[in-house]
Amino acid sequence: MRINSFSFRVRYAETDQMGIVHHASYVPYLEMGRIEWLRAMGISYRAMEENGIILPVVSLQLNYKKSALYDDMLTVETRLKKLPMVRIEFEYEIYNEKRELLAEASTVLAFMDQSKNRPLKCPDFILEKLKA
């Protein structure tokens with residue numbers, strides 16, 4: 001499936017006293033990765049929410065390989081694992097400027113009807129964009 005990449009610089013607030021990126025800082029990196037992946041596919045997270053569709057994370061796996069440091073330029077590569085049904089699954093790799101693999105991750109999110117707080121099938125308008 002299609003890979004989307006985006007890069008950003010590690011901020012001081014994301015690190016511990018030793019200048020190493022705190023393990024919890026990686027979770028927002030994954031969120032940024034999937035939002036940018038969806039945006040690149042022409043899918044607006046905001047528009048989904050305005051239409052009553054939410055995507056809560058139901059599973060997250062994160063394997064750390066090497067430390068990221070303050071002021072490093074990181075690249076998050078995000079890919080869709082398979083076409084979604086009720087769940088949408090993403091895989092991620094995070095690299096530093098030297099192209100060293102720092103972390104591998106995967107997330108599973110569920111399509112939910114916000115008003116009913118119930119799962120729903122992936123909307124057709126999303127599937128159409130993913131199949132294009």
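Strand 1 and strand 4 pair up antiparallel, with seven bridges between them. Here strands are DSSP runs of E with at least two residues, helices are runs of H or I with at least four residues, and both are numbered from the N terminus. Two strands count as paired if DSSP finds at least two bridges between them. This is a predicted model, so local features need pLDDT of at least 70 and side-chain atom pairs count only at pLDDT 80 or more, while totals for chains, interfaces and linings use all residues. Residues are numbered from 1 along each chain as its sequence is written, and side-chain values use heavy atoms, with hydrogens and water left out.

**Strands and their partners**

Back to strand 1 (residues 3-9): its covered face holds Asn-4, Phe-6 and Phe-8, while Ile-3, Ser-5, Ser-7 and Arg-9 make up the uncovered face.

Strand 6 (residues 101-110) has neighbours in strand 3 and strand 5. Strand 3 joins strand 6 through seven bridges in an antiparallel run, with Leu-60 standing opposite Thr-107 in strand 6. Strand 5 (residues 87-95) joins strand 6 through nine bridges, again antiparallel, and there Arg-87 faces Ala-110 of strand 6. How enclosed is strand 6? Seven of its ten residues are buried, so strand 6 is largely enclosed by the rest of the structure. Buried means under 20% relative accessible area, exposed means over 50%, and partly exposed is in between (1.4 Å probe, protein chains only).

There is also an open sheet of three strands, in the order 2-7-8 and with antiparallel pairing. Strand 2 (53-54) and strand 8 are the edge strands, each with a single partner strand, so one side of each has no neighbour in the sheet. Two bridges hold strand 2 to strand 7 in an antiparallel arrangement, and Ile-54 stands opposite Met-112 in strand 7.

**Positive phi without glycine**

Asp-71 has a positive phi of about 75° although it is not a glycine. Asp-71 is in the loop between strand 3 (57-64) and strand 4 (73-80), and at 37% relative accessibility Asp-71 counts as partly exposed. Asn-117 isn't a glycine either, and has a positive phi of about 55°. The loop between strand 7 (112-113) and strand 8 (118-119) is where Asn-117 is found, and at 57% relative accessibility Asn-117 is exposed. Then there's Arg-99, with a positive phi near 65° in the hairpin of strand 5 and strand 6, which has five residues between the strands.

**Helix 3**

In helix 3 (residues 124-131), Ile-126, Leu-127 and Leu-130 are buried. They sit on the same side of helix 3, because they cover an arc of only 100° around the axis, the arc being that of the directions from the helix axis to the C-beta atoms. What do the buried residues of helix 3 pack against? Their partners are helix 1 (26-40), helix 2 (45-50) and strand 4, with contact meaning heavy atoms within 4.5 Å.

**Salt bridges**

A salt bridge here is a side-chain nitrogen of Lys or Arg within 4 Å of a carboxyl oxygen of Asp or Glu. By this rule the count comes to eleven salt bridges, including these:

| Pair | Closest N and O atoms |
|---|---|
| Glu-14 and Arg-11 | 2.5 Å |
| Arg-39 and Glu-36 | 2.6 Å |
| Glu-104 and Lys-65 | 3.5 Å |

Glu-104 is partly exposed at 29%, and Lys-65 is partly exposed at 49%. Elsewhere, salt bridges that share partners join Arg-79, Glu-91 and Glu-93 into one network.

Arg-39 and Glu-36 are both in helix 1, three residues apart, which is about one turn of the helix. As a rule, an α-helix has 3.6 residues a turn, so residues three or four places apart point the same way. Arg-39 is exposed at 52% relative accessibility, and Glu-36 is partly exposed with 29% relative accessible area.
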